[in-house]
Amino acid sequence: MEVQLTSDEMAFARRAVESGRLQNEQEAVREALALWEERERQRVELLATLDDAKASLARGEGRVITQQSMRELASEVAERGRARLLADLAETR
């Protein structure tokens, strides 16, 4: 496969090689593809999470968000945290 880079892209890759960050321009392209692949994997995971959330809402498992519900959620989280801390402390004794 042959890839034509713009002059800015080529200069960017050359600077990475000259600074010792990369061995050669091909490594720059491989790294770019690896980053793209990772970003696409994360995108797929995000879309799956959104699908799960939509399905959860469709099943009526959602939570209405109001100031009061947020206070209640914060209180629940704080209480679970305190309980976990106490349990951890009890284990270390």
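1. Which residues does serine 56 touch, not counting residues up to four places away in sequence? Serine 56 touches Glu61 and Gly62, where contact means heavy atoms within 4.5 Å. Serine 56 lies in helix α2; helices are DSSP runs (H or I, at least four residues) numbered from the N terminus. Serine 56 counts as buried because its relative accessibility is 19%; buried means under 20% relative accessible area, exposed over 50%, and partly exposed in between (1.4 Å probe, protein chains only).

2. On the basis of the values: this is a predicted model, in which local features need pLDDT of at least 70 and side-chain atom pairs count only at pLDDT 80 or more, while totals for chains, interfaces and linings use all residues. Residues are numbered from 1 along each chain as its sequence is written, and side-chain values use heavy atoms, with hydrogens and water left out.

3. Helix α2 (25–58) has 34 residues and reaches 49 Å from its first C-alpha to its last, close to the 50 Å expected at 1.5 Å a residue. The expected span is 1.5 Å times one less than the number of residues. Glycine 60 follows α2 and has a positive phi, near 80 degrees.

4. Alanine 34 is also placed in helix α2. Alanine 34 counts as partly exposed because its relative accessibility is 41%. Between alanine 34 and glutamate 18 there are 21 Å in space, C-alpha to C-alpha, for 16 residues in sequence.

5. Glycine 20, whose phi is positive and near 90 degrees, follows α1.

6. The largest pocket holds about 500 Å³ of space. A pocket is here an open set of points on a 1 Å grid over the protein atoms alone, where a 1.4 Å probe fits, with protein on both sides within 12 Å along at least five of seven lines; lining residues have an atom within 4 Å of a point. Grid points are joined across faces, edges and corners, and the volume is the space filled by probe spheres set on the points.

7. The lining of the largest pocket comprises 19 residues, with Leu5, Glu25, Ala28, Val29 and Ala32 nearest the centre. By class, the lining has 14 nonpolar, 1 polar and 4 charged residues; Ala, Val, Leu, Ile, Met, Phe, Trp, Tyr, Cys and Pro count as nonpolar, Asp, Glu, Lys and Arg as charged, and the others, Gly among them, as polar.

8. Glutamate 2 lies in the segment before α1 and is exposed, with a relative accessible area of 68%. The C-alpha atoms of glutamate 2 and leucine 73 are separated by 55 Å, at 71 residues apart along the chain.

9. Leucine 86 belongs to helix α3 (residues 67–92). Leucine 86 counts as exposed because its relative accessibility is 59%.

Definitions and conventions. Helix = DSSP H or I, 4+ residues; strand = E, 2+ residues; numbered from the N terminus.
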